[in-house]
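Me: Please show me how to read a model like this one, taking one feature at a time and giving the general idea before the case in hand.

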Amino acid sequence: MDMEFSPEDLAFQQEVRDFIAENYPADLRDKQDEGEEMSKEDFLAWHKILHKKGWIAPAWPVEYGGTGWTPTQRFIWSEETARADCIRLMPFGLAMVGPVIYTFGTPEQKAYFLPRILSGEDWWCQGYSEPGSGSDLASLRTTAIRDGDDYIVNGQKTWTTLAQHADWGFFLVRTDKDAKQQEGISFLLIDMKSPGITVRPIITLGGEHEVNEVWLEDVRVPISQRVYEENKGWTCAKFLLAHERTGIAGVAASKRGIEKVKAIARTELDGDKPLLANAFFKRKVAELEVDLAALEFTELRSLAGPNAGRGPGPESSLLKIKGSEIQQRLTELSLEAVGHYGAPYFRGFGEGDNEHPIGPDYAHRAAPTYFNVRKTTIYGGSNEIQRNIIAKMVLGL
Amino acid sequence: MDFTYTETQDMIRDTLARFLSDTYDFETRQKFINSDSGRDPAIWTALAQELGMLGAPFAEEHGGLGGGALENAIVMEELGKVIGIEPYLPTVVIAGGALKAVGGAQADAMIPEIIAGNAIIAFAYAEPQGRYDLANLRTTAKKDGAGYVLNGHKGVVYAAPWATHLLVTARTGGGQRDREGVSLFLIDANLPGIVRRDYPTVDGSRASEIYFENVAIPGDALLGGEGTGLPLVEQIVDDATVAVCAEATGVMQKLHEGTLEYTQQRKQFGVPIAKFQVLQHRMVDMFMEVEQARSMTIMGVLKLDLPANERMAAVSAAKAKVARGAKFVGQNAIQTHGGIGITQELAIGHYFKRATMIEGQFGSHDYHMDRYERIVLAD
């Protein structure tokens with residue numbers, strides 16, 4: 001047992017640092033520093049640079065376009081990208097539907113979709129939740145009825161993240177109304193430009209247009225766009241949920257987040273001293289660092305420990321619970337740290353607007369981010385559902 | 001980067017676990033901790049001579065298994081699982097650690113005695129006024145010819161009633177709380193002038209108040225430099241702190257498993273209480289604390305060799321987290337058991353008592369958070 005990096009690992013670390021320094025887009029960095037909302041082009045800019053380099057999908061098997069990195073190299077990669085504050089990559093293609101397709105898809109599906117996910121040509125969204133089906137996902141009611149070589153899909157999905165940008169969506173639909181709930185579900189890939197699809201924005205607490213409702217009215221989907229067998233979609237769904245949870249600990253990003261909070265608390269004054277010298281605030285930062293270390297070493301144990309390589313198991317629920325709690329506490333501390341200037345509502349730079357927004361740059365998104373990040377304990381299976389998973393799968397209750 | 005155990009490490013764990021499951025069941029333990037001496041010396045002898053376990057962290061040239069802090073953690077975790085009262089911590093981890101650090105003739109003479117099971121060494125470092133400050137010492141060692149004369153009072157010295165030797169911190173100079181002037185001595189436990197008041201501890205062990213009344217000790221009892229011993233004391237206490245984190249992990253795992261088992265047997269409202277979601281989620285929260293205690297122990301082990309500041313920050317982070325987790329798991333194990341949990345009848349309460357004492361051992365949560373902040377979050 002050791003934490004040493006081999007000479008090869010150190011060389012790799014340097015290669016990653018140099019690559020980011022030379023290739024990360026400067027205008028994207030400026031926008032991040034100003035605390036502006038990111039456009040589709042912003043998200044894709046870094047994606048395309050990584051695709052060109054061949055580094056877009058470290059988690060994928062090499063045969064489908066993965067990097068073949070060791071767990072240590074992947075750890076270095078996530079550390080370095082977080083340290084450099086690189087914009088996060090959209091998970092819907094790379095971390096969600098991609099692995100489902102290369103695990104369960106037909107040769108034709110793999111050949112068509114996987115390269116387009118890697119290149120960023122297709123933007124994906126996730127059609128899972130419905131107004132009546134949140135934590136009880138298997139109760140979903142969107143139907144797909146066979147009609148020749150097509151399904152006719154009808155229903156409503158919700159909380160569909162960034163569907164306004166999406167070219168394709170992966171949907172859970174009911175193909176057998178009479179079967180037991182989980183057994184009548186299929187996994188469909190749907191072209192978001194299909195007639196009958198309507199995407200309507202839902203504006204969240206921070207003012208962001210991040211999620212949507214998606215309505216499907218008599219949408220025609222070729223059977224060839226079903227992944228895996230009919231009525232076996234729940235298998236894909238469970239596989240995807242476990243995959244979704246692995247990166248979700250967000251250790252490297254939270255480390256970077258704590259550095260940002262500390263920087264704010266060294267700048268903000270509390271009396272004649274920096275806020276970070278306030279014993280109560282300092283203790284909250286320290287507790288967060290300690291909890292993050294516990295999360296980091298729990299993740300490292302699962303990445304490079306005796307069970308490494310077995311793929312994500314139910315223990316990934318632990319990483320999701322603790323990781324999301326830490327992300328929320330970080331945003332709480334940021335908002336607390338900025339004091340009065342959490343209140344001004346920064347709606348981004350309007351057309352021809354070059355007036356500097358109110359308050360310090362680091363305060364602009366403190367409150368909206370705090371509001372927004374309440375989502376992390378709700379999405380991907382709420383933290384209560386994660387506890388149910390651990391109770392059942394790990395504790396055997 | 002590698003978080004796996006070697007075959008030898010797996011073997012140490014398996015061998016010890018098998019031995020303890022044969023010899024250290026709860027009823028047997030209760031019998032010997034309530035006996036006059038408070039222990040069964042045959043177990044210590046077997047650990048040494050049949051299992052070679054007391055050599056786990058020592059070099060092969062001393063007759064050890066060639067391990068280090070990770071091997072200590074493995075042994076301590078297994079002892080935690082049976083709430084073992086064997087004096088492995090003060091003898092092997094602490095005194096053994098000090099001897100390994102100073103090396104030379106003292107190590108050559110004493111380490112084989114530890115490995116053979118002939119020496120039991122208690123660590124006399126705490127004083128009534130000192131709380132967790134290792135430098136806050138009123139005990140003095142005054143130079144007297146080639147040796148020293150020891151005077152003072154050491155408090156709550158675990159395993160002292162059983163000890164053949166004492167590892168003692170004392171002032172050879174400086175003021176009561178100075179970093180300079182601290183020295184470390186390894187002395188015979190039965191020297192004239194050593195007065196002990198022995199007592200049982202709440203967690204099943206034995207300890208003593210020790211009074212040194214003009215105790216003449218030889219010059220070669222000094223480990224390391226005279227008056228410059230504090231960094232060594234800090235280092236061995238950090239080793240010990242990580243070792244009790246490992247022990248806590250074992251204790252917490254058993255508290256959690258015992259609770260899982262009990263809730264599946266105990267019926268109320270016509271069903272096993274494990275069916276209730278409020279209890280299921282609590283047991284998941286306990287599980288997460290156990291896993292994080294294990295992670296923090298490993299972090300502590302891996303960072304013990306770093307420069308002092310990084311080592312201390314890591315050890316304090318580990319101990320702070322484990323202390324909170326031990327409290328959470330212990331209290332909820334008792335709560336979930338209900339009335340039977342607060343009796344002496346079941347093992348669970350005895351695990352809770354040990355978990356509770358570990359919380360404060362070598363520094364409370366607050367003490368370690370303070371130390372962490374002084375190092376990592378200095379203004």
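Reply: In chain A, 73% of the contacts between residues at least 6 apart in sequence join residues at least 24 apart; two residues are in contact if their C-beta atoms, placed from the backbone, lie within 7 Å. This is a predicted model, in which local features need pLDDT of at least 70 and side-chain atom pairs count only at pLDDT 80 or more, while totals for chains, interfaces and linings use all residues. Residues are numbered from 1 along each chain as its sequence is written, and chains are lettered from A and ligands numbered from 1 in the order in which they are written.

Me: How many helices and strands does chain A have, and what is its radius of gyration?

Reply: Helices (H or I, at least four residues) and strands (E, at least two) are DSSP runs, numbered from the N terminus, and chain A has 12 helices and 10 strands. The radius of gyration is taken over C-alpha atoms, and the globule rule to compare it with is 2.2 Å times the number of residues to the power 0.38. For chain A the radius is 22 Å, close to the 21 Å that the rule gives for 397 residues, so chain A is as compact as a globular protein of that length. Its C-alpha atoms fill a box of roughly 75 × 55 × 45 Å along the principal axes.

Me: What percentage of the residues in chain B is buried?

Reply: A residue is buried if 20 or more other C-beta atoms, placed from the backbone, lie within 10 Å of its own, exposed if 12 or fewer do, and partly exposed in between. By that count, buried residues make up 53% of the 379 residues in chain B, and 40% of the 397 residues in chain A.

Me: How should I read a pair of packed helices, and at what angle do α4(B) and α5(B) pack?

Reply: Two packed helices are described by the angle between their axes and the distance between the axes. The axes are lines fitted to C-alpha atoms, for helices over the stretch in contact, and angles run from 0 to 180 degrees between N-to-C directions. In chain B, helix α4 (residues 69-81) and helix α5 (residues 88-102) pack at about 170 degrees, with their axes 11 Å apart. They are therefore roughly antiparallel, on a scale where angles under 35 degrees count as roughly parallel, over 145 as roughly antiparallel, 65 to 115 as roughly perpendicular and the rest as oblique. On the α4(B) side B:Asn72, B:Val75, B:Met76 and B:Leu79 meet B:Tyr88, B:Leu89, B:Val92 and B:Val93 of α5(B). This contact has seven nonpolar residues, one polar and no charged, where Ala, Val, Leu, Ile, Met, Phe, Trp, Tyr, Cys and Pro count as nonpolar, Asp, Glu, Lys and Arg as charged, and the others, Gly among them, as polar.

Me: How many residues does each chain bring to the contact between chain A and chain B?

Reply: Chain A brings 34 residues and chain B brings 30. On the side of chain A that touches chain B, the elements giving two or more residues are α4 (71-83), α9 (279-304), α10 (316-338) and α12 (383-394), and α9(A) gives the most, with 13 residues. That side of chain A divides into 23 nonpolar, three polar and eight charged residues.

Me: Which residues cover the two faces of strand β1 of chain A?

Reply: In a regular strand the side chains alternate between the two faces of the sheet. In β1(A) (residues 124-127), A:Trp124 and A:Gln126 on one side and A:Cys125 and A:Gly127 on the other are all buried. Strands pair if DSSP finds at least two bridges between them; four bridges join β1(A) to the parallel strand β4(A) (residues 168-174), where A:Phe171 is the bridge partner of A:Gly127.

Me: Where is B:Ala159 placed, and is B:Ala159 buried or exposed?

Reply: B:Ala159, which is not a glycine, has a positive phi of about 70 degrees and sits in the loop between β3 (147-158) and β4 (165-171) of chain B. B:Ala159 counts as buried, with 25 C-beta neighbours inside 10 Å. B:Asn214 also has a positive phi, near 50 degrees, but lies in strand β7 (residues 206-217) of chain B and counts as exposed, with 11 such neighbours.
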